[in-house]
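Dear colleague,

Please find below the structure that I promised to pass on to you. Could you look through it first, and then read the notes that come after it?

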Amino acid sequence: MDYPPRVRAFLDPAKADQGDTVVVGAKGGRYEGILMPHHGFSGDDILTVKLASGYNVGIAVADIESVEVIAKRATAPAQRRLPPPSKDKPTIAVLGTGGTIASYVDYRTGAVHPAVTAEELVFSVPELLDVCNVRARVIYSIYSENLKPENWQHLAREAAKELSGGATGVLIPHGTDTLHYTTAALSFMLRDLTGPVVVVGAQRSSDRPSSDAALNLLSGSRVGVANLGEVVAVMHGETSDTFGVIHRGTKVRKMHSSRRDAFRSLNAGPLGRVHPDGRVELADRALPRAAGPTKVDDALDPKVALSYFYPGQRLSELEGILEGLHGVVIAGTGLGHVSHDLIPVLRRATRDGVAVVMATQTLQGRVSLRVYDTGRDLLKAGVIGAEDMTPETALVKLMWVLGHTREPAEIARAIGTNVAGEINPRIGLDEFAE
């Protein structure tokens, strides 16, 4: 959008426009950088410049003394094409879904844009081509919070198609906010993986000096050519660029809103590390590539909800949540508890054919409904314990289980059966993620 009049009054005399490199003289400083576009959240009296450090600075019009153009905006670069595959390199299929990691800086304007073509996605980190051949396409270009179960199903089918089509591995750039839901869903839906399905994200966009996008993509590509036959997430292991961590898809969770090392494996150790020199270190329990062919079992029942219990929760609220559902995961307190006055509501729900699964909002540790009276009353009411699954993994697993059966005894058996590493039979001291 165009600059407001108060900003344009300084730009027009200097013949400055977005994407030009300018020097702005202002009270208290001199600012050199790329003139950024004006957008809907820009103040009407603010001029924004992207500094050489990568950070943006907003300069109040009242403080501006001069604007000078030192370089005009560069012309648009010619569209680049992926090089032909090399016979001595493995091939990774990159399936873009959107999110912070699938963005790039347009240095003509300094703005950040979503990568909407395969070429943009790959050339945002050209070092990928040193590791492997790349065939890339964008499946979705949406924020991860807008993904639905049908998107997981589509993504599972596309990942299997790539593996069956000769890809050594599949790399999925994904928004971080719901990344752990997607990895859990893919883990349940994909079988006999002939290569890893690696989901990667970024906590910081590519225009920031602290961006983790490039390293996570590069680490993910290295895992993609390793001897691994699982769905995993690969993200920063520390706030610095020291190593990447490989998390099992059913055990990973985002544990911080903005840190680069926000992801943790809960109730299980990570499956390995990716070192800066490119070495991929895998734990003994990591599953190797299967002989294949890769199978898809993508039956899901979306009529499932996740409800977070809190003290004083109203019966009418829980009844409203349960209405029309085939299943619900309750994130209860401690070992898996809710208040006693809610238990009759859950009992009626199970009698009406609603599958009720109890997880713990502590996230770490195991649900145990046989220790206290409350837990035993929940068991009598037909509630199923989620073992050591996170609430999010339990939600996705219940969708998957209900996609195959509505028989209560079979549901209970399936929830308690380890399918994709989601249940750890023994949690040791080393598996507490701090």
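The notes below go through a sheet, the nonpolar cores, a pair of helices and some backbone details.

Please keep in mind that this is a predicted model, in which local features need pLDDT of at least 70 and side-chain atom pairs count only at pLDDT 80 or more, while totals for chains, interfaces and linings use all residues. Residues are numbered from 1 along each chain as its sequence is written, and side-chain values use heavy atoms, with hydrogens and water left out.

I begin with the sheet, for which helices (H or I, at least four residues) and strands (E, at least two) are DSSP runs, numbered from the N terminus. Four strands make an open sheet with parallel pairing, in the order E20-E21-E22-E23, where two strands pair if DSSP finds at least two bridges between them. Strand E20 (304–308) and strand E23 (384–385) are at the edges and have a single partner strand each, so one side of each is left without a neighbour in the sheet. E20 runs parallel to strand E21 (residues 327–332) and is joined to it by five bridges, and Val-304 has Gly-327 as its bridge partner in E21.

Next come the cores. A nonpolar core is a set of buried Ala, Val, Leu, Ile, Met, Phe, Trp, Tyr and Cys residues joined through side-chain atoms within 4.5 Å; buried means under 20% relative accessible area, exposed over 50%, and partly exposed in between (1.4 Å probe, protein chains only). The largest nonpolar core has 51 residues, of which Leu-186, Leu-190, Val-197 and Leu-398 touch the most other members. Among the elements that give two or more residues to this core are H4, helix H5 (179–189), E22 and helix H10 (391–402), and H10 gives the most, with eight residues. When residues up to four places away in sequence are not counted, Leu-190 touches Ala-156, Ala-159, Ala-160, Val-197, Val-231, Lys-295 and Val-296. There is also a second, separate core of 24 residues, which includes Val-125, Cys-132, Val-223 and Val-232.

How do H4 and H5 pack? Their axes are 10 Å apart, at an angle of about 55°, where axes are lines fitted to C-alpha atoms, for helices over the stretch in contact, and angles run from 0 to 180 degrees between N-to-C directions. H4 and H5 are therefore oblique to each other, since angles under 35 degrees count as roughly parallel, over 145 as roughly antiparallel, 65 to 115 as roughly perpendicular and the rest as oblique. In this pair, Trp-152, Gln-153, Leu-155 and Ala-156 of H4 make the contact with Tyr-181, Thr-182, Ala-185, Leu-186 and Met-189 of H5, contact meaning heavy atoms within 4.5 Å.

Some backbone details remain. Most residues other than glycine have a negative phi, and most peptide bonds are trans. Lys-15, however, has a positive phi near 55°; Lys-15 is exposed, with a relative accessible area of 67%, and belongs to the loop between helix H1 (5–14) and strand E1 (21–26). Leu-363 also has a positive phi, near 75°, but Leu-363 is buried, with a relative accessible area of 12%. Lastly, the peptide bond from Gly-292 to Pro-293 is cis, with omega near 0°, and Pro-293 is in the loop between strand E18 (280–282) and strand E19 (295–296).

With best wishes
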